[in-house]
Amino acid sequence: MFIEQEKQLIEKKYQYNQKSDNILSFFYKDDPMSQINVSIVDDSYKVSFPMLNHSIHYATYFKEKEKVKKYLNFIINSHL
C-alpha cells in the first residue's frame, strides 16, 4: 500500500512497529517515541509524525490515498 514510503523510512533508520494496528507505523531506531503513523479514522487517513524536536507529534487528515503518499514523501524528504 505504501511500499515506497516504507522503503524511504527504512533508509532513514526507522523501524517497522510490529505492535501497531495502523496501516503504516514506523519508529526511529534511537527514539521509539518518534513515530510515523497512518491510520483510518472516520473514513479518512490520519497521518501523524514527530515535529523537529521529536517531543510532540503533528497529525493531519486526507480522504485520498494518493494525497497521503504525496504528503508522506514530503515529510520524509523534508522533515526526517
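Analyst: A salt bridge is counted here when a side-chain nitrogen of Lys or Arg lies within 4 Å of a carboxyl oxygen of Asp or Glu. The model is predicted, and by this rule the count comes to 1 salt bridge.

User: Which residue forms a salt bridge with Lys69, and how far apart are the closest N and O atoms?

Analyst: The partner is Glu66, and the closest N and O atoms are 3.7 Å apart. Because the cut-off is 4 Å, this pair counts, at 3.7 Å. Both Glu66 and Lys69 belong to helix α2 (residues 65–78), where they sit 3 residues apart, about one turn of the helix.

User: Now the strands. How many bridges join β1 to β2, and in which sense do they run?

Analyst: Strands β1 and β2 run antiparallel and are joined by 3 bridges.

User: How many bridges join β2 to β3?

Analyst: There are 5, and β2 and β3 also run antiparallel. The two strands form a hairpin that has 2 residues between them. Across this pairing, Ser25 stands opposite Asn37 in β3.

User: What pairs with β3 over 5 bridges in the antiparallel sense?

Analyst: That is β4. Here Ser39 faces Lys46 in β4. Strand β4 in turn is joined by 6 bridges to strand β5 (residues 57–62), again antiparallel. In β5, Ala59 is the bridge partner of Ser48.

User: How do I read burial along a strand, and how many residues of β2 are buried?

Analyst: The general idea is that in a regular strand the side chains alternate between the two faces of the sheet. In this structure, strand β2 (residues 24–28) is mostly covered, with 4 of its 5 residues buried. Strand β4 is mostly covered as well, with 6 of its 7 residues buried.

User: Take Ser25 in strand β2. Is Ser25 buried or exposed?

Analyst: Ser25 is buried, because its relative accessible area is 1% and buried means under 20%. Leaving out residues up to four places away in sequence, Ser25 touches Gln15, Tyr16, Asn17, Ser20, Gln35, Ile36 and Asn37. Tyr14 is 11 residues from Ser25 along the chain, and their C-alpha atoms are separated by 9.6 Å.

User: Which residues of the largest nonpolar core touch the most other members?

Analyst: The core has 16 residues, and those touching the most other members are Leu9, Leu24, Ile36, Val38, Val47, Val68 and Leu72. Each of β2, β3, β4 and α2 supplies at least two residues of this core. Helix α2 gives the most, with 5 residues.

User: What does Val47 touch, not counting residues up to four places away in sequence?

Analyst: Val47 touches Asn37, Val38, Tyr58, Ala59, Thr60, Phe62, Val68, Tyr71 and Leu72. Among them, Val38, Val68 and Leu72 are on the list of core members with the most contacts to other members.

User: Which residues form a nonpolar patch on the surface?

Analyst: Met1, Ile23 and Ile40 do, with about 280 Å² of accessible area together. Ile40 is found in strand β3.

User: Last, the backbone. What is phi of Lys13, and where is Lys13 placed?

Analyst: Phi of Lys13 is near 70 degrees, which is positive although the residue is not glycine. Lys13 lies in the loop between α1 (3–11) and β1 (14–16). Lys13 counts as partly exposed because its relative accessibility is 47%.

User: Which residue takes a positive phi in the hairpin of β3 and β4?

Analyst: Asp42 does, with phi near 50 degrees, in a hairpin that has 2 residues between the strands. Asp43, also not a glycine, has a positive phi of about 65 degrees. Asp43 is in the loop between β3 (31–41) and β4 (44–50).

User: Is Asp43 buried or exposed?

Analyst: Asp43 is exposed, because its relative accessible area is 67% and the cut-off is over 50%.

Note on methods. Residues are numbered from 1 along each chain as its sequence is written. This is a predicted model: local features need pLDDT of at least 70, side-chain atom pairs count only at pLDDT 80 or more; totals for chains, interfaces and linings use all residues. Side-chain values use heavy atoms; hydrogens and water are left out. Buried means under 20% relative accessible area, exposed over 50%, partly exposed in between (1.4 Å probe, protein chains only). Two strands pair if DSSP finds at least two bridges between them. Patches are made of residues with over 30% relative accessible area and no salt bridge: like charges are joined within 9 Å, nonpolar side chains (Val, Leu, Ile, Met, Phe, Trp, Tyr) within 5 Å. Accessible areas come from the Shrake-Rupley method with a 1.4 Å probe; for residues, only the protein chains shown count as cover. A nonpolar core is a set of buried Ala, Val, Leu, Ile, Met, Phe, Trp, Tyr and Cys residues joined through side-chain atoms within 4.5 Å. Contact means heavy atoms within 4.5 Å.
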